[in-house]
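Dear colleague,

Please find the structure below, with the sequence alongside. My notes on it follow, and I would be glad if you read them against the coordinates.

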Amino acid sequence: MRAAVYVRVSTEEQVETGYSLAEQREACIRRAKELGATSITVYADEGVSGATLDRPGLSALRREARSGRIELVVCRDPDRLSRRLAHQLLLTEELERWGVRLEFISFEWKDTPEGRLFYAVRGAIAEYEREKIRERTTLGRLQKARQGGIPVGLDLYGYTYNPETGRVEVREEEVAVVREIFVRFAGGWGYSAIARWLNEQGVPTRRRKGPWHRQVVAQIIANSAYAGTWYYRRRDFAGGRRGQPVPPEHWIAVPVPALIPEDLWLAARQKAEAARRLWASRGKHDYLLSGLVTCGDCGLPMSGTWMSCWGKPDRRYTCRRHAAGSRGGGCRPTKVVLARPVEQVVWDRVKAWLGDSETLAREATSAWPDAEELRRELARVDRLLVETERGRQNVLAALAGGWFDLDARTRNMLAELRHRAERLNRRKKEIEAEIARGTGGGPDPVGLRLAAASLLAGIDAFAFEEKRELVRALVQQVVVTGRPRAGDACGDLTVTVVPRTEEAPDGGNPFRRALTLGRKY
């Protein structure tokens, strides 16, 4: 029997609970062997939060399970699988649908109505307890900041945080660098110029590795800590890892040692604001192939830029990298190509693909679900709807039993279950409509040609956002090789358009996605 072991630990958990990847790995492998596993693969996520599903180890495990190469998954505890109840239920349902057995070491999982109820209630209570701990920790940090303390480890160039005293101390060897950065910026230097100067002087970064980047210099210029005031709670992380911006009037000012005079910091900030307004006032230009174009000569991505060549300002693509710290410098001499002719080549290719009825029928049919697949999908959606409603009832029962209060976290949990049910009901209606239309028997070639003709009839009138979405549905990459000649838009350029043959980002067949866009617009 082929088995997979999943282990996970974040930095905080390893310190607080003593869990380690090695301990989890040993215990899970032992259990897998007891269950008869002959082949065991370990998937690990170290230092990754369990509140998200975007984890390298977990993603690899799900891919293997989906492909049928795994029959058993062993995990120490449901918390190792995910910190969120909704994610636990989703992963459990996925593994069950793929025919994979799920086993926990510290929790007896039974695929029965009673087992599912206990599993859901246990996850809801554990999630509630974690949120209450997080809430108390947040309140404690806020109180410490209001009293003038540093509630978190402050990691800024020029400073060091002493966890024993909870105070910020100055790194004397970095003070002169900070002052030089502000003096040069206030004197007319730009972010990139300062970063290049620091790299040329061999000044080490805070991490003592890698070059200086213009973004790092910009962050130093913008930070008021160097003038003596550090602000806590500029972002609220209660709603997720990235957090939401907090209005300045709610920031908490904490005094720290000043490295530069306040008037120098104000002068640098005034210059930065003036530069920001200057660039914001310039017109913004759209680039249809942004993120898709690669230089065939140096292999670097080509980005859109507004610049003058031979005295003519226009939209162009270039592989040249001017910012300090950029990976590679691009072609030398600088390679710049007009955006309009390259975009026209790609746009004509997209229209040609949609106008080729045989290719369209073949590609769209390749991923078209048959009737049996649609019925299986419908059964899966029905099962998920039942489980979602059961989860909602479990939360309501726990509230009625007084196990926890109807706080903001519980409201969010109920809202998430409601939104999930709404999405599932919409998907159910779509599947039922496809079955009613007889879609399961395969797409109608005549219907495909008519849909393509309808799309092509008004394709050139699409708005920019619509054109970009259509191009990204059908094009995987655009490779530009060669150089233009003076006075010639394309010259010796070769534009290679690579079609998207695999699934589109939304999981659908690219040609089918293109037709959907056509009907939408």
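Helix α11 passes helix α16 in a left-handed crossing, a term used where the near helix is turned anticlockwise from the far one by less than a right angle (clockwise would be right-handed). Before going further, please note that this is a predicted model, in which local features need pLDDT of at least 70 and side-chain atom pairs count only at pLDDT 80 or more, while totals for chains, interfaces and linings use all residues. Residues are numbered from 1 along each chain as its sequence is written, and side-chain values use heavy atoms, with hydrogens and water left out.

The axes of α11 (residues 339-355) and α16 (residues 464-474) come within 11 Å and cross at roughly 65 degrees, where axes are lines fitted to C-alpha atoms, for helices over the stretch in contact, and angles run from 0 to 180 degrees between N-to-C directions. The two helices, α11 and α16, are therefore roughly perpendicular to each other, the label for 65 to 115 degrees. On the α11 side, V346, W347, V350, W353 and L354 meet K467, L470, V471 and L474 of α16, contact meaning heavy atoms within 4.5 Å. Of the residues in this contact of α11 with α16, eight are nonpolar, none is polar and one is charged, counting Ala, Val, Leu, Ile, Met, Phe, Trp, Tyr, Cys and Pro as nonpolar, Asp, Glu, Lys and Arg as charged, and the others, Gly among them, as polar.

An open sheet of three strands has the order β11-β15-β16 with mixed pairing, and two strands pair if DSSP finds at least two bridges between them. Because β11 (293-295) and β16 (494-499) stand at the edges, each with a single partner strand, one side of each is left without a neighbour in the sheet. Three bridges join β11 to β15 (residues 475-481), and these two strands run parallel; within them, T294 stands opposite V479 in β15. Helix α11 packs on the sheet, touching β15 and β16, and its direction makes about 40 degrees with that of β16. Helix α16 lies across β15 and β16, running at about 90 degrees to β15.

Elsewhere, a cis peptide bond joins R332 and P333, with omega about -5 degrees, and P333 lies in the loop between β13 and β14 (336-338).

Best regards

Conventions:
Helices (H or I, at least four residues) and strands (E, at least two) are DSSP runs, numbered from the N terminus. Angles under 35 degrees count as roughly parallel, over 145 as roughly antiparallel, 65 to 115 as roughly perpendicular and the rest as oblique.
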